[in-house]
Amino acid sequence: MFEKDKLKEVEVTFLKPGSILSGILFDEKGTMLWPARKPLNDIFISKLKVKGIEKVYYVPPKWKSGGDQAPMFSTESLNFAQEALDEMVTQIKYGKIPELKNAKTTIEKLFHDMELNANGFLNLMVLKDYDSYTYTHSINVGLLSMFLTKQLGFNTYFIQEIALGGFLHDIGKIKIPSKIVNKHGNLTDDEFKVMKNHPVYGFKLVKDDPSLSNYVKKVVLFHHEKWAGGGYPLGLKGDAIGNFAQIVAVSDVYDALTTERSYKKPYSINDALLYVMRNTNTHFCSYISQRFIYEMSQRYELGSFYPVGAFVQLTTGEIGYITGKDKEYTMKPEVAILKNQKGVPLRVPIQIDLKRDTSRQISKTIDEPEEIEKLSYLL
Ligand SMILES: [Fe+2]
């Protein structure tokens, strides 16, 4: 239910193109105007002004800790991580075996931060510029892997080893031509063939380092393997891949999906978690991915995994909106169907409960403002 008094009010004059709000933006009647964490643009802001809307409202983020919004990781540790990566990349480019002492110190610092701020906001790094993608992504995969390994109940040793694996997982990309690594858009088949060598290149860089455990080395080599087979480089399955490479695999995919690049829109947190859910048992081991979905949806309570009122498309092609949800089943809310498979509006919405209705799943949230506006007339 839309509760205006629980929302933050923002004057439209304060909205700027490129601003990112942490919550979904509503008008004063509760119509969803703009998704959370998507940069605002000129057209959207002008439309608000043309319509005479002076104030909009958004849901402030709430974290599981109940108000403690301190970031989990300190800027100092994140900067240190970036320098450590930079140092390794330079060493590899000069044909040296990378010195991993600072990578390990990075993980120790980040682990210390996480222990101090266990209920803090999981502050993943945001891509600042085009060139920093690999660095930002490697650090985020390290942070997510560290967080998930802890939530899965592993001890300090494993948490740090897997985080180090996450931090180093793509190190082999340094050996791939940068025009392929940094290409805007999809790779051709030939380019993808070259790209698929990066786990092996990475493994060659770390395999003889006596200071690294086999856990880290296996993560570097196996992070693109899929639980049911069909991944690369070896096409392994299940236990042959192991839990640790799967922790990094799910972190890797989640961060790649939710990062905005010049050539692609980022997935919302909900949609990225939904992607993980759909690829459970094929790409991801369910023990790992279900825990990831649960922990992330709890932490980013902002969406409670599909906010009530959000419009969604179902796998049947039907369109509806979320009317309620069960805390235990945040991925399977109650939905009122507004349009049938052919896109025809129903005279009376059909209420379904996705917990019980196994023939339908949510395929995506609808976040285009124009589309949301059209659908809101059907309510
Ligand atoms: Fe990779």
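Student: Where does Ile159 sit?

Tutor: Ile159 belongs to helix 5, residues 156-168; helices are DSSP runs of H or I with at least four residues, strands are runs of E with at least two, and both are numbered from the N terminus. This is a predicted model, where local features need pLDDT of at least 70, side-chain atom pairs count only at pLDDT 80 or more, and totals for chains, interfaces and linings use all residues. Residues are numbered from 1 along each chain as its sequence is written, and side-chain values use heavy atoms, with hydrogens and water left out.

Student: Why is Ile159 called buried?

Tutor: Buried means under 20% relative accessible area, exposed over 50%, and partly exposed in between (1.4 Å probe, protein chains only). Ile159 has 4%, so it counts as buried.

Student: Which residues does Ile159 touch, leaving out those up to four places away in sequence?

Tutor: They are Phe111, Met114, Met146, Thr149, Lys150 and Phe154, where contact means heavy atoms within 4.5 Å. The C-alpha atoms of Ile159 and Met146 are 5.5 Å apart, although 13 residues separate the two along the chain.

Student: What makes the site of the iron ion irregular?

Tutor: Asp170 (OD), His198 (NE2), His223 (NE2) and His224 (NE2) coordinate the iron ion at 2.1 to 2.3 Å. Donors are N, O and S atoms within 2.8 Å of the metal (3.2 Å for Na, K and Ca); water is not among the atoms, so sites may look incomplete. Four donors count as tetrahedral if all angles lie between 85 and 135 degrees; four count as square planar and six as octahedral if opposite donors are over 155 degrees apart and all others between 65 and 115; anything else is irregular. Here the angles among the four donor atoms run from 86 to 175 degrees, and the site is classed as irregular.
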